[in-house]
Structures are given as structure tokens and as C-alpha cells.
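Colleague: I have a new model open and would like to learn how to read it. Could you walk me through a few features, with the general idea before each case?

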Amino acid sequence: MHPIRKKRLTIVIFLVAGLAIAVGLTTYALRQNINLFYDPTEIAAGNAPVDVRIRAGGMVEVGSVVRDPESLAVKFRVTDYTASVPMEYVGILPDLFAEGQGVVAMGRLNNEGLFVADQVLAKHDENYMPPEVAEALEKSTKGKSNSANAEKAAETTAY
């Protein structure tokens, strides 16, 4: 092989190897920062990973919020109207956190099925619903009675 071709081949091999290492390191770094969203039905079915940081969301079940009077610990249940998941959070909840309102929590699911949140986000006004929560609620109610959906459609077409 000609010395110039050999030199070019060596440079190309080093560039390809360097690029492969850079892509591998970037992929590894991004994999650690991904927060996947799971709705209560997926968590109850066992599809959510245990001891991995994830996001979970839905509506706070009415009557499920229990505050510890001695600390900032709060236990509540989040539902998508098909299944519900118990959650625990220690800290100051957002002002808009309330029963019957949409929330997205970030944290880890433990072996007992309890979602231990390290951050809780509440919707910011009465018209907004986090996209993940809205999609999960729509998916869970899609399988329910079609008569309710037909009534809603009739109401909206009547106007």
C-alpha cells in the first residue's frame, strides 16, 4: 500500500473510532437523564420499573390526601379512573395541589408499589392539563361506556 493511502486510512480509522466513542458517551449520558412517564394503569400492571426515576401522573383521588401533622409528609392516591397508585411526598406541595386536580410527580416506585415522589407538579389553572395526564385519562376512559361518549357528542353537536 502506498504510504499516503496508508496515512489517510489511519486518519479515517481514528476519526471513525473517535466519533463512535463520542456517540457512545453521549448516548450513555442521555440514558441516565431520561424520565419516562407512566400512568396509574401502567404502574398498577407492573409495567413501570422499580427504583428508577420516572414521572407518574393523573388526578388526585378525592378523600385520599392524608397529611402528617408532625412533619411535611403527605400521602395521597393518583388515579386515571381505571387504576390508582399510592404516593408519598415529603415537602411543601404546590399551592394548586388539591383533591380532584391533575398532578405529575417525579420519583421512584419502591418494591411495595408505593411511589415515593421527590417533586410534585400541579396544574397551573383550571383549563390546563399536563399532556401526559390528559392522554392517560383519555386512554383509560376510552374503554368505558360508549353511551356516555355518545351523550357528550350529542350535547356538543346540539349547540
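Modeller: Gladly. Let's begin with a term we will need: a residue is buried under 20% relative accessible area, exposed over 50%, and partly exposed in between. Please keep in mind that this is a predicted model.

Colleague: Then let me try the term out. Is Asp118 buried, exposed or partly exposed?

Modeller: Asp118 has a relative accessible area of 46%, so it is partly exposed.

Colleague: And how many salt bridges does the structure hold?

Modeller: The general idea comes first: side chains of opposite charge can pair when their charged atoms come close. In this structure there are three salt bridges. One of them joins Arg53 to Asp118, with 2.7 Å between the closest N and O atoms. Arg53 belongs to strand S2 and Asp118 to strand S7 (residues 115–122), so this pair ties together parts that are 65 residues apart in sequence. Arg53 is partly exposed too, because its relative accessible area is 26%.

Colleague: Which residue forms a salt bridge with Arg77?

Modeller: That is Glu61, and here the closest N and O atoms are 4.0 Å apart. Arg77 sits in strand S4 (residues 73–79), while Glu61 is in the loop between S2 and S3, so the pair links parts 16 residues apart in sequence. Arg77 has a relative accessible area of 31% and is partly exposed. Glu61 also counts as partly exposed, at 25% relative accessibility.

Colleague: Which residue does Glu88 meet in a salt bridge?

Modeller: Glu88 meets Lys75, at 3.7 Å from N to O. Since Glu88 lies in strand S5 (residues 84–90) and Lys75 in strand S4, the parts tied together are 13 residues apart in sequence. Glu88 is partly exposed at 22% relative accessible area, and Lys75 is partly exposed at 48%.

Colleague: Let's turn to a serine. Where is Ser64 found, and is it buried or exposed?

Modeller: Ser64 is in the loop between strand S2 (53–60) and strand S3 (66–67). With a relative accessible area of 11%, Ser64 is buried, because that value falls under the 20% cut-off.

Colleague: What does the side chain of Ser64 reach?

Modeller: Here I would look at polar atoms and then at contacts. The Ser64 side chain reaches the backbone oxygen of Glu61 at 2.8 Å. A polar atom of that side chain also lies 3.2 Å from the backbone nitrogen of Arg77. Setting aside neighbours within four places in sequence, Ser64 is in contact with Lys75, Phe76, Arg77 and Glu99.

Colleague: Which residues make the nonpolar surface patch?

Modeller: Met1, Leu9 and Ile13 make it, and it covers about 350 Å². Met1 is in the segment before helix H1 (3–32), and at 73% relative accessibility Met1 counts as exposed.

Colleague: To finish, how many helices and strands does the chain have?

Modeller: There are four helices and seven strands, and along the sequence they follow the pattern α-β-α-β-β-β-β-β-β-α-α. Of the 159 residues in the chain, 26% are buried. Among contacts between residues at least 6 apart in sequence, 53% join residues at least 24 apart. The accessible surface of the chain comes to about 10,800 Å², with 59% of it belonging to carbon and sulfur atoms.

How values were computed
Residues numbered from 1 in each chain as written. Predicted model: local features only at pLDDT ≥ 70, side-chain atom pairs only at ≥ 80, totals over all residues. Heavy atoms only, no water. Helix = DSSP H or I, 4+ residues; strand = E, 2+ residues; numbered from the N terminus. Buried < 20%, exposed > 50% of the residue type's maximum accessible area, 1.4 Å probe, protein only. Polar contact = N/O pair within 3.5 Å; in protein donor to acceptor, adjacent residues only side chain to side chain. Contact = heavy atoms within 4.5 Å. Salt bridge = Lys/Arg side-chain N within 4 Å of Asp/Glu carboxyl O. Patch = residues over 30% accessible without salt bridge, like charges linked within 9 Å, V, L, I, M, F, W, Y side chains within 5 Å. Areas by Shrake-Rupley, 256 points an atom, 1.4 Å probe, with all protein chains shown as cover.
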